[in-house]
Amino acid sequence: MAELILMPKLGFDMAEGTLIEWVKKAGDPVAENEVIAIIETDKASVEVPSFRSGVLRALLVEEGTVVPVGQPIAVIGAADEKIDLAALGVEKAVPEEEREAAAIAVAVAPVSEPSPPAEAGRRAISPVARRMAEELGIDLNRIRGSGPGGRIIKRDIEEHLKQLEQAPRPAPPPPIPIPSAAPAEEGYQVEPLSPMRQTIGRRMVESKQQAPHFYITIEVDMEAAMALREQLNALLPEGEKISVNDLVIKAAAIALRQFPRLNASFAGNEIHIHHQINIGIAVAREAGLVTTVVRDCDKKSLSQIAREARELIGRAREGKMRAEDMVGGTFTVSNLGMFGVEDFVAIINPPQAAILAVGAVRRVPVVNDQDQLRVGTRMKATLSADHRVTDGAEAARFLQAFKAALEQPMRLVL
C-alpha cells in the first residue's frame, strides 16, 4: 500500500526544512532506513531515511524547495501499484514536465522583472539562502525572491552572484576613518553570526531567561569505574572501546530511572514525565553545537551505548545526521572532560528539565577516612535543573544515585 513520506520535524521549534538533495530518484527500490534525501534546517544537514521498504514511486518536491514540517515530499509503495495521489491526500500533483518548465522559467527570468510582494514588514528567506547571504556578505535587500510569496531561496542568491561576477567593478571608494572610543591597536575581525549560531543564541537566551536554573555539583570517586573500563576495553576490539562518557551516560540513565522527574519536560501548565530515557549528547562542531540522542539508555548495555554514541557523534561531526538522531531527547549530558576542563555549568536544553555537565577525570590529592593523604581519581559533575519541574533535594538525590552507579560500577553492567 502506497504511503506518503513527510518532511520530518527535527526539533520542537522547527517549522520547515529545505530539501537540498534527492539521494534516490523516482522508481528506485529502497530498503527500510535507507537514506532517500538530505534536508537542511537552520542547524544541520540531515539525512532522511525511508521508514519502510518499497519503491520510491513519486518525488513531490524539487531540490532546493523549502517544505513545511509534515508536508508530503514523496510517495513510497509497491513497484506495480497504482498510485492515486488524491486518495493519499496530496492536493495537487504537479507533472514532472511542468516542474521542469517552471524551473527553467525561473532560471531565465530577467532580473528586472518584479517579484511577488513579500510579507508586510518582513522578507521571507529560506535558511540556506540566509546562510549563503551572510557567509558571502550579500545584502538581502538587493535580492528579488523567486520562491512562493517572494521568498528568497538558494537559486536567487546564486543568480545574484552571477550578476555580480559579470558586472563591471567600480573603483573602490577612499577609506573612511571610523572613530572609536577605545580603538584596539591590532583592530579586529568581523564575523557575522551564522544561522546555527543565531539559533543556539536564541534558544540559550530563552532558556536562561525563562527557565529558573539552579545548580548542584558533586564529586565522584572514579577509581573503580576507570578500573572496570580498563578491564572491559581489554576484551574489546579497537573500534569498540568504551569511553568515560559512555559510563556517564549509563550512570545517568540508571539515576533517571530512580528519579523520573529529572527525565521530564516543562510544557506550560504541565510537566511531561517521559517513559523513555533518551539521553542527548552535546557535540561541538566548527559550525556550532548540536545534540544527538541515544535512545532507551536504561535498557541498553554499555557496549550498545558506546557503539551507538560513536556512530551518532561521527555523523554529527560529518554533518550527516539523520532525522531521528536529533529528536526525542529527554535529558542531556555535556562533557568537556576531554579538553581538561575540571568543572562547568551548562544551560538547560529546553524543554528538557535538566542537563548534566561533566568535567575531566583527574588524579588529585584526597584525604581518606583515616585522615591520611593519598592520591585519588575524581570527576566533578554539575546538574543544571529547572526549578519549575524539580527541587534541590530531589536533584541532589539524583546526583547521589548517579555517583553511586559510578562508584559501584558493576551496576553499569548488570
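What covers the buried residues of helix H5? The cover includes helix H6 (244-258) and helix H9 (392-407), with contact taken as heavy atoms within 4.5 Å. The model is a predicted one, where local features need pLDDT of at least 70 and side-chain atom pairs count only at pLDDT 80 or more, while totals for chains, interfaces and linings use all residues. Residues are numbered from 1 along each chain as its sequence is written, and side-chain values use heavy atoms, leaving out hydrogens and water.

Helices (H or I, at least four residues) and strands (E, at least two) are DSSP runs numbered from the N terminus. H5 itself takes up residues 223-235, and its 13 residues reach 19 Å from first C-alpha to last, close to the 18 Å expected at 1.5 Å a residue (1.5 Å times one less than the number of residues). Ala225, Leu228 and Asn233 of H5 are buried, where buried means under 20% relative accessible area, exposed over 50% and partly exposed in between, with a 1.4 Å probe and protein chains only. Down the axis of H5, the buried residues fall within an arc of 130 degrees, so they line one face of the helix; the arc is that of the directions from the helix axis to the C-beta atoms. On the face turned away from that buried side sit the exposed residues Glu230, Gln231 and Ala234.

Over to the strands, which count as paired if DSSP finds at least two bridges between them. Strand E12 (residues 279-285) has six of its seven residues buried, so it is largely enclosed by the rest of the structure. E12 runs antiparallel to strand E13 (residues 288-294), joined by seven bridges, and Ala282 has Thr291 in E13 as its bridge partner. With strand E15 (residues 331-335), E12 pairs in the parallel sense over three bridges, and Ile281 stands opposite Val333 in E15.

Phe331 lies in strand E15 and Phe398 in helix H9, 67 residues apart, so to speak linking distant parts of the chain. Phe331 is buried at 0% relative accessibility, and Phe398 is buried with a relative accessible area of 0%.
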